[in-house]
Amino acid sequence: MAGNAWRSTVSRVVGAMKSQASHPRTFSRGLQTVTLIPGDGIGPEISTAVMKIFEAAKAPIQWEERNVTAIKGPGGKWMIPTEAKDSMDKSKIGLKGPLKTPIAAGHPSMNLLLRKTFDLYANVRPCVSIEGYKTPYTDVDLVTIRENTEGEYSGIEHVIVDGVVQSIKLITEEASQRIAEYAFEYARNNQRASVTAVHKANIMRMSDGLFLRKCREVAENFKDIKFTEMYLDTVCLNMVQDPTQFDVLVMPNLYGDILSDLCAGLIGGLGVTPSGNIGANGVAIFESVHGTAPDIAGKDLANPTALLLSAVMMLRHMGLHGQAKKIETACFDTIRDKKVLTKDLGGNSKCSEFTGEICRRVQDME
Amino acid sequence: YNSSLTKPPPAKYGGRHTVTLIPGDGIGPELLTHVRELFRFCCVPVDFEIVSIDSKSTSDDDMNNAITAIRRNGVALKGNIETNHNLPPSHISRNNILRTSLDLYANVIHCQTLPGVRTRHRDVDIIIIRENTEGEYSSLEHENVPGVVECLKIITRKKSLRIAEYAFNAARQNGRRRVTAVHKANIMKLGDGLFLQCCKEVAAGYPEITFDSMIVDNTTMQLVSKPQQFDVMVMPNLYGSVISNVCAGLVGGPGLVPGANYGKDYAVFETATRNTGKSIANKNIANPTATLLASCLMLDHLRLHGYASMIRKAILATVSETRLHTADLGGQGTTSEVVQSVMREIESKGPRTSEQI
């Protein structure tokens, strides 16, 4: 734990020094500030890779690096460092690498802390088959939108009597309405044709019934988008047989967790899947959802694709579609070419070589 | 598939068994009619007592009749009963009531790649054992504050030990090497933590079987990339729904996989994925394979192994005939063609007299 204290002291000092310098926050020379949280393990190296590629693409992004370690605030409540929170509140956009969750550290997971701090209520994962990275499933093109604040992950559990445990799943009208509205807005803004609500209202009549009802109500205001509902088990059954029939899926927390990972598995795993978290007050944090991979950390073997695609998602969120397309195409072309691939993609190049190749392609596109 | 934890009822009345038949909704009635047709053709010593359940009615009489009939006969074959969403939330799923009233605690699904069915993955052979009576399906929900609904997921030590015992026993009896517990104990620390703890305790009594565990989201990811790594899987109710549907999809879909629900005293057989198939009902296009294979599981349970293997062999021979594949397998065959083919197969290969079965 000494390491944590040392790091948070350093970041407090460094952060203080940085904020004393004049910091043009946003829109100076068209630059947009993004809070970058490199994370642990392979986090720093893949963050560096993304920054390099963005530089090569001349993307108008100004990175503000911050570290998030849990610190105990006044009142004994765990929170993220104030510099990180302030930076995010100002920039509203964040890019995050993998964070490790130490067991028995006494504090909740960092991901959970971030989620609570910024009220990140929607987890969005677009799953698109990557040409050149073969999986048994081709032509996958769907988006899972998962309610991220309540449901089965409310963390409320009790031991009723010895040997009987009760876990509470919480579904509220407010959260269901919010996620349904986000799903339909997303569909409209990204030209998606249909939204499917995934539920188990035949068994969980009241809770999923409420969720379903709110989705139906919101669908009334979005008549241009087709709305369907499907049982969770039917979705799973059909997803592994024919994933092309799905477009945008919206669902409560647990189903979202399972389905988004299932869909990630269809396109090749967490190493190539982007993810974005949308919060209240316009905050959006994009992240790679794989682990910290401590065994390959610092050895220049990591694959930055997941973080890069999340950064591309971030560019699209910011309206910089041209830049996004350029970087994404360079990345996919590199993978399709198969000449320079990291080990997990089937090659034996280093992370820096893979990054360099993408940078070269981006520059060639100028 | 072998199971010694449920006793089958003894044959009464001239060596014939009586089995409760619940047609259900959607494709249930037509497919179960085919089962009766096939059994008549093969002279299977089973009589069906048909009990209908009207899914639109709110009265409990139908359910009580069905439960009484199953208690009396000990064994049932059923189609899925639709849950009417227009009725208030207090109207609990009929299928769920059946499972909990009869304490059918183990839902067993064996997913195997079938010859002649084209799938993305080969050599899949997974036995899924799903806790069938508690967990998220406890039907305990309330709305204390308007707009805030709480749904209770119950995990008990007793039922977790019971299902774990069932899983390891089944693994041992079927010569399986490995049991994987599927859970989400990193988030639901107490609930799934208890389940996992119980599995570990039971595993200690089966040293020849490897026990490991996997978090449910990782499990689904692994299933769609490398399903061959799994052997026997045991899990609580909801994850069981997800995993069994994923595995059924991997081996060819809802039309192929049979399922069984075992309790201490009763056994109910149905399709693995429990679909009503409303949109394809009464069009003669539904795939009868899952229902027919479920009836074979029932015959095995009744110790009528000769009939069971005779019919099963014929079904597997038919399913490998691509030109007979129904729409769900990408073909244009009809339900009746498949059933006719099974009967012809039995006639040509089967024994001449019942003494030979």
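Across the interface of chain A and chain B in this predicted model, the rule for salt bridges (a side-chain nitrogen of Lys or Arg within 4 Å of a carboxyl oxygen of Asp or Glu) finds 1 such pair. The salt bridge is formed by A:Asp257 and B:Lys184, whose closest N and O atoms are 2.9 Å apart. The contact, defined by heavy atoms within 4.5 Å, takes 48 residues from chain A and 55 residues from chain B. Between them the two chains bury about 4400 Å², of which 65% lies on carbon and sulfur atoms; buried area here is the accessible area (1.4 Å probe) lost by two parts on being put together, summed over both. On the side of chain A, the residues that lose the most area to chain B are A:Ile203, A:Arg205 and A:Met206, which together account for 17% of what that side buries.

Helix α7 of chain A (residues 232-241) packs against helix α7 of chain B (residues 237-251) at an angle of about 30°, with the axes 7 Å apart, where axes are lines fitted to C-alpha atoms over the stretch in contact and angles run from 0 to 180 degrees between N-to-C directions. Helices are DSSP runs (H or I, at least four residues) numbered from the N terminus. The two helices are therefore roughly parallel to each other, a term applied to angles under 35 degrees.

Residues are numbered from 1 along each chain as its sequence is written, and chains are lettered from A in the order in which they are written. Local features need pLDDT of at least 70, side-chain atom pairs count only at pLDDT 80 or more, and totals for chains, interfaces and linings use all residues, while side-chain values use heavy atoms, with hydrogens and water left out.

Notes
Parallel < 35°, antiparallel > 145°, perpendicular 65-115°, else oblique.
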